[in-house]
Amino acid sequence: MPLCLIRGAQDRTGNIASAMPRWAENEGIEEVVIPGAGHIANQDDPQAVNEAIDAFLRTIPAPNQAQR
């Protein structure tokens, strides 16, 4: 299952800032940290979050049309 982890650099909610890097490392992926954003990164910097999601989606291969 493809996984994209995005957080705001200024997020101080719970243990997100310390746990997410470990989570990403365990999954073998990179977390995306949005500079200047807090817990609700998509509202703090929607353009940066949308760009991160777009870049992530471009890494996922298209489903095989024959499987439908």
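**Contacts and overall form of the chain**

Apart from neighbours within four places in sequence, I34 makes contact with I6, R7, G8, A9, A41, D45, A48 and V49. The model in which these contacts are found is a predicted one. I34 belongs to strand 2, which covers residues 31-34. The relative accessible area of I34 is 3%, so the residue counts as buried, a term that applies under 20%. Between the C-alpha atoms of I34 and D11 the separation is 9.7 Å, and the two residues are 23 positions apart along the chain.

One of the contacts of I34 is A41, a residue of helix 2, which spans residues 41-44. A41 has a relative accessible area of 7% and is likewise buried. When neighbours within four places in sequence are left aside, the contacts of A41 are R7, G8, I34, P46 and V49. A55 lies 14 residues from A41 in sequence, and the C-alpha atoms of this pair are 16 Å apart in space.

For V49 itself, with residues up to four places away in sequence not counted, the residues touched are I6, I34, A41 and N42. The largest nonpolar core consists of five residues, namely I34, A37, A41, A48 and V49. In soluble globular proteins, nonpolar side chains tend to be buried together.

P46 and I34 are twelve residues apart along the chain, with 9.8 Å between their C-alpha atoms. In helix 1, formed by residues 16-27, E27 was examined as well. E27 is partly exposed, at a relative accessible area of 46%. From E27 to P63 there are 36 residues in sequence, and the C-alpha to C-alpha distance is 22 Å.

The elements named above form part of a chain with three helices and two strands. Read from the N terminus, their order is β-α-β-α-α. The chain has a radius of gyration of 14 Å, whereas the globule rule gives 11 Å for 68 residues; the value is well over the rule, and the chain is therefore more spread out than a compact globule. Along the principal axes, the C-alpha atoms fill a box of roughly 45 × 25 × 15 Å.

Of the 68 residues in the chain, 21% are buried; I34 and A41 are among them. Among contacts in the chain with a separation of 6 or more, 61% are between residues 24 or more positions apart. As for charge, the chain carries 5 positive and 9 negative side chains. The centres of these two sets lie 3 Å apart.

Notes: Residues are numbered from 1 along each chain as its sequence is written. This is a predicted model: local features need pLDDT of at least 70, side-chain atom pairs count only at pLDDT 80 or more; totals for chains, interfaces and linings use all residues. Side-chain values use heavy atoms; hydrogens and water are left out. Helices (H or I, at least four residues) and strands (E, at least two) are DSSP runs, numbered from the N terminus. The radius of gyration is taken over C-alpha atoms; the globule rule is 2.2 Å times the number of residues to the power 0.38. Buried means under 20% relative accessible area, exposed over 50%, partly exposed in between (1.4 Å probe, protein chains only). Contact means heavy atoms within 4.5 Å. Lys and Arg count as positive and Asp and Glu as negative; His and the chain ends are not counted. The place of a charge is taken as NZ of Lys, CZ of Arg, CG of Asp or CD of Glu. A nonpolar core is a set of buried Ala, Val, Leu, Ile, Met, Phe, Trp, Tyr and Cys residues joined through side-chain atoms within 4.5 Å.
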